[in-house]
2 protein chains.
Amino acid sequence: MADQWPECVSRVKGVILDMCGVLYDSGEGGGVPIEGSVEAVRRLKSSDLQLRFCTNETQATREKFVAKLQRMGFDIDVREVFSPAPAVVSVLKERCLRPHLLVHDDLLPEFDGVDKSDPNCVVIGDAADNFSYQNMNAAFHVLISLDKPLLFSMGRGRYYKETDGLKLDVGVYMKALEYACDLEAEVVGKPAPMFFQSVLNDMGIQPHEALMIGDDLVNDVGGAQRCGMKGLQVRTGKYRPSDETHPTVTADGYVDNLACAVDAILEHRRV
Amino acid sequence: MADQWPECVSRVKGVILDMCGVLYDSGEGGGVPIEGSVEAVRRLKSSDLQLRFCTNETQATREKFVAKLQRMGFDIDVREVFSPAPAVVSVLKERCLRPHLLVHDDLLPEFDGVDKSDPNCVVIGDAADNFSYQNMNAAFHVLISLDKPLLFSMGRGRYYKETDGLKLDVGVYMKALEYACDLEAEVVGKPAPMFFQSVLNDMGIQPHEALMIGDDLVNDVGGAQRCGMKGLQVRTGKYRPSDETHPTVTADGYVDNLACAVDAILEHRRV
């Protein structure tokens, strides 16, 4: 069935690309593009398909992150990129919440306009080395002191791949704080349906008209499918062979990399 | 019902005491005894009841830990104390396992005789500041590289109380690694039934003849009750008022502190 995936493409009007593990592998010096991905993005942009980028990246502001991708050669604009920090800032403002932040230093500017005094919730992102025992305790103390502890997690990934190996992602620390405080975090970012929906709204298309391509079977592919979209998994980034026999999530198709996916999509649409 | 708890004491032949939060509050300089506890232990020892101590403490070897309690004035011997590190060392040797350790530096001597080369499992304890992002990733890499990832957790507590506030306990990091690797840890220490059973075996008594006294409702009281023992909660240490309306665990009795518990036990046995 997976080999027939390009047939679903005929109805597709928009493509959503995950970034890390699909466009590039992260690591020292910002990372390296995955072979063929720069050209694949260019080809999608030249087609009649709409294109957006959807990332759970929270180690830099969206501006700095996009600038890095541009330096790698990608044709990409900040307005095409959806990431959790601007989404969580909207939620905080809507609900009059003042966050205690446990995030990467380079993400802090996203929260410049947010009141952080006398915090009444905790926001965590992919804080990497900032996930020290001391900082985890500080976040825990804020939560445990609240009548109704409220934790926002920017994504719920288990791990991601850097050039020097797999690294623990924010979801792991979300689970840690959930257990410590006996609560359930609100996830902002993939796979939250609201997050995918905001991308669909921006393109002005229906879920069945959209195709998500990612390296994270559960959060990219499974998350998109639960919203009614199609989901492809690339065999790059954090992909592991066991993903193809996952007990609960089956991608609409598996492809070696983004370049192969774009080949098949564009080929099928010409037929 | 909770007020009638001393009635169950008539059948009791042995008392098991949790240590941190019952005997003393931990913190800078080793901590301070809880008022009345030194004398309470002395009175229990002078009675016809057997007495054992059962801790999930993994920040020091059992010898150093007991020496600290002795300096606080407690009449206590290493042979009366059950802690997770010697228990996990037995399990490792029985099953020919070679651990990667993520533990407190001061616990390392407990593992001196254990082969730690080419690890085929991970053992975590209350590592405190050693729970850095880097060390968590190192443990994760060992687990994710194994065909059958195997994680031992010395306890599953959420947090404990030090003199300067609550601190995250090993269970929180156990949950983090469980989620990262999609596995379930084997808990050694409270509330594992095998651990409680080893204490009962040492006293040569049946579960219904034993009374556990602890400040941790779920792991001390609930754990003991699941083994058929009675469980009292003291209102010291990590006790919180909401414990008395916990949805799944109800102690056989709640007492202000160990001294009050011992008063009631000895008073009731005289009647």
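1. **The interface between the chains.** Chain A and chain B bury about 2700 Å² between them. Carbon and sulfur atoms account for 63% of that area. This is a predicted model, and every value here is computed from it. The contact takes 28 residues from chain A and 28 residues from chain B.

2. **Who carries the area on chain A.** Three residues stand out: A:Y133, A:L168 and A:Y179. Together they supply 33% of the area that chain A buries against chain B.

3. **Which elements touch chain B.** Helix α5(A) gives the most, with seven residues. By class, this side of chain A has 15 nonpolar, five polar and eight charged residues.

4. **Polar links across the interface.** How many salt bridges are there between chain A and chain B? The count is zero. Polar contacts are present, though: 14 residue pairs, with both residues at pLDDT 80 or more, are in polar contact between the two chains.

5. **Salt bridges overall.** The structure holds 36 salt bridges over all chains. Side chains of opposite charge can pair when their charged atoms come close. One such bridge joins the side chains of A:R269 and A:D48, at 3.1 Å from N to O. This pair links distant parts of the chain, 221 residues apart. A:R269 sits in helix α8 (residues 258-270) of chain A. A:D48 is in the loop between α1 (37-46) and β4 (50-54) of chain A.

6. **The largest pocket.** Its volume is about 920 Å³. Of the 46 residues that line the largest pocket, those closest to its centre are A:S26, A:Q59, A:D126, A:Y160 and A:E162. Elements of both chains give two or more residues to the lining. From chain A these are α2 (62-71), β9 (159-162) and α7 (217-226). From chain B there is α4 (133-145). That helix, α4(B), gives the most to the lining, with five residues. The lining of the largest pocket divides into 10 nonpolar, 17 polar and 19 charged residues.

7. **The cavity.** The count comes to one cavity of 30 Å³ or more. The largest cavity has a volume of about 30 Å³. Residues of chain B line it: B:E57, B:A60, B:T61, B:R62, B:F65, B:S83, B:A85, B:L107 and B:E110. They divide into four nonpolar, two polar and three charged.

8. **Cis peptide bonds.** A:P191 is in the loop between β11 (186-188) and α6 (193-203) of chain A. In chain B, the peptide bond from B:K190 to B:P191 is cis, with omega near 5°. B:P191 lies in the loop between β11 (186-188) and α6 (193-203) of chain B.

9. **A positive phi.** A:D182 has phi near 55°, a positive value in a residue other than glycine. A:D182 is found in the loop between α5 and β11 of chain A.

Terms used: Residues are numbered from 1 along each chain as its sequence is written. Chains are lettered from A and ligands numbered from 1 in the order in which they are written. This is a predicted model: local features need pLDDT of at least 70, side-chain atom pairs count only at pLDDT 80 or more; totals for chains, interfaces and linings use all residues. Side-chain values use heavy atoms; hydrogens and water are left out. On a 1 Å grid over the protein atoms alone, a cavity is a set of points where a 1.4 Å probe fits but cannot get out, and a pocket is an open set with protein on both sides within 12 Å along at least five of seven lines; lining residues have an atom within 4 Å of a point. Grid points are joined across faces, edges and corners, and a volume is the space filled by probe spheres set on the points. Helices (H or I, at least four residues) and strands (E, at least two) are DSSP runs, numbered from the N terminus. Ala, Val, Leu, Ile, Met, Phe, Trp, Tyr, Cys and Pro count as nonpolar, Asp, Glu, Lys and Arg as charged, and the others, Gly among them, as polar. Contact means heavy atoms within 4.5 Å. Buried area is the accessible area (1.4 Å probe) that two parts lose on being put together, summed over both. A salt bridge is a side-chain nitrogen of Lys or Arg within 4 Å of a carboxyl oxygen of Asp or Glu. A polar contact is a pair of N or O atoms within 3.5 Å; within protein, one must be able to donate a hydrogen and the other to accept it, and residues adjacent in sequence count only if both atoms are side-chain atoms.
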